[in-house]
Amino acid sequence: MLNIKKLEKDLWESADLLRSNSDLTSNQYCMPVLGLLFLKYAYSRYKSVEKEILKDRPKRNGKVLPVEANDFKAKSALYLPEQAQYDYLVNLPENISSANLKNADGHKMNSLGEVVNNAMNLIEEQSPQLKGVLPKTYTDFDDDVLAELLRIFNNDALDEIGGDVVGRIYEYFLMKFSPQVATDDGVFFTPKSLVKMIVNILEPKSGTLLDPACGSGGMFIQSGDFVNQKGMDANKSMTFYGQEKVEYNAQLCLMNMAVHGLTGVVKSGNEANTFYHDTHLLDNKCDYVMANPPFNVDKVKAETTENAGRLPFGMPSVNKNKEISNANYLWISYFYSYLNDHGRAGFVMASSATDSQGKDKAIREKLIKTGDVDVMISVGNNFFYTKSLPCSLWFFDKNKREENKDKVLFIDARNYYTVVDRTLNEWSEWQLKNLNAIVWLYRGEVDKYKDLLDEYHAVLNSQEPFDEQVENLTKKLKALKDEAKKIVDDTIGRDKKKIQKVYDDKIFTANEVLTIAKEAKWLYEKFGEGEYKDTIGLCKAAVIDELNEKRWSLTPGAYVGVALEEDDGVDFHERMKETNEQLLDLQNESNNLMEQISNYLQEIIS
């Protein structure tokens, strides 16, 4: 089975090594590298569709008729002229000038960069959605660097499963580039676990989806995956619209959608500045709105904003310069206004917005009184690659079941997450399911909850109670670690590392299974066979009178209370060992930095 995580890591390390050895900045390098991944995806999909077309291809004079652009159009696929095919590019001679190649305009091409630029132009001619979108800065690369990049992505593993793998690699590269280009205008990546939570709770099925701050298109990608996994065709059942002020990000979005086989309409530039324009004329027309807008934006022109409308609860505070000093409630108002009479919205917002005062509070009160605020989730620190502040997820539903019309479900998930490293947290797949399960029970969707319990039993391959499974798996893991230590210590010579690796893999797998069992236990202890109940420190379905008492706050912590701290079950000595190892890593990193600084100073002095 293909190890996608290893493939992601290997490809990134190879490509990033070239970046570090070139004169290009991360921002200059990002778009062209993603463009090459796009080329690889396009060719992989092209070969797959070509195979289908040739199955029953008619013949003329004993020869199979050649495939044409219209054949691909009939299958909603992108046709690639020969000079835009990845196989063609990767097999070009080293000396491009001697090959006497000509571009679409008939001019001779003398470098590999020119050839790749030409490939991008040829593809844009085949796809109106991609017109003016694909990168064409490949002449900034040395031919040998560009050839090596083409070789790196010419990996058979990317063809074994096709577009799904390339899509994951594309997203992985986006994530890795994100912190590196964060100092520029390219803060474009919303962590996948936040996006998946929004999509999972909104459950898009069919209709119009708008992201008015679409960045690199994560909301579209996850929504497409969600719809396709339900056995439907996302391109047929959904219509995707995006607005993105920064053109660079909009290009990434359209490429990202193309890599995942999705089509949509994305506008960029000044006409796509959502503060001043409803570019797609979608006010009151959307089935779904999803977004991660920029937080706490200031200096928004009040008069222009008011004239642009979409403010059902009135204007936020305006300062003496006739500007809105904090645009959070502009965004919140827009998301609500875009919804049709049965629409749902989900978005990321600064935590401060749940309790801000002044006109924000007046807007929030009116919003709550509509009965359409559905779920509020507090998210802890370090979920973003580029900032460490906490945030909140807001959900509106204009078609709530009657029993919930005067309620809001509050979930405080600030202490529920998986640590990726010292600066990054996320929700694992099972934690996403568990949080989603709370919403299902609140909505009365008990069948979905029971299906999740069945899924846990199936994955763990046991019908035993979850607390017993955790206990048994913990004992097995300890026994495995003890066995590993004894056997590795008793082994000498070359086999020591090999045996250590075998046991490391076994221990990793056992840990994974134990983690799943712990998540199952966490859920079952709180909600049993499937009955929603308020849980101190985690969740509460508060009625509107309680919100009034709390001065219309939408801060989950104000309602769920604080749970008694539980023993996490981690051995104290083991935790101290891990902490010591982390401290040593940080000390080594500090020493290396000090050495570099010392060397730079020495160079300056000398």
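Reader: Which residue lies over the face of tyrosine 503?

Author: Lysine 506 does, at 5.2 Å from the ring centre. A charge sits over a ring if NZ of Lys or CZ of Arg is within 6 Å of the ring centre and within 35 degrees of the ring normal. Likewise, lysine 433 lies over the face of tryptophan 430, at 5.2 Å from the ring centre.

Reader: On what basis do these values stand?

Author: This is a predicted model, in which local features need pLDDT of at least 70 and side-chain atom pairs count only at pLDDT 80 or more, while totals for chains, interfaces and linings use all residues. Residues are numbered from 1 along each chain as its sequence is written, and side-chain values use heavy atoms, with hydrogens and water left out.

Reader: How many aromatic pairs are there?

Author: The count is 24 aromatic pairs, where rings of Phe, Tyr and Trp (its six-membered ring) pair if their centres lie within 6.5 Å; planes under 30 degrees apart are stacked, over 60 edge-to-face and the rest tilted. The rings of phenylalanine 335 and phenylalanine 347 have centres 4.6 Å apart and planes at 45 degrees, so this pair is tilted.

Reader: Is phenylalanine 335 buried or exposed?

Author: Phenylalanine 335 is buried, at 0% relative accessibility (buried means under 20% relative accessible area, exposed over 50%, partly exposed in between, with a 1.4 Å probe and protein chains only). Phenylalanine 347 is buried too, at 1%.

Reader: What of the rings of phenylalanine 466 and tyrosine 524?

Author: Their centres are 5.9 Å apart and their planes at 70 degrees, so the pair is edge-to-face. Phenylalanine 466 is buried at 5%, whereas tyrosine 524 is partly exposed at 32%.
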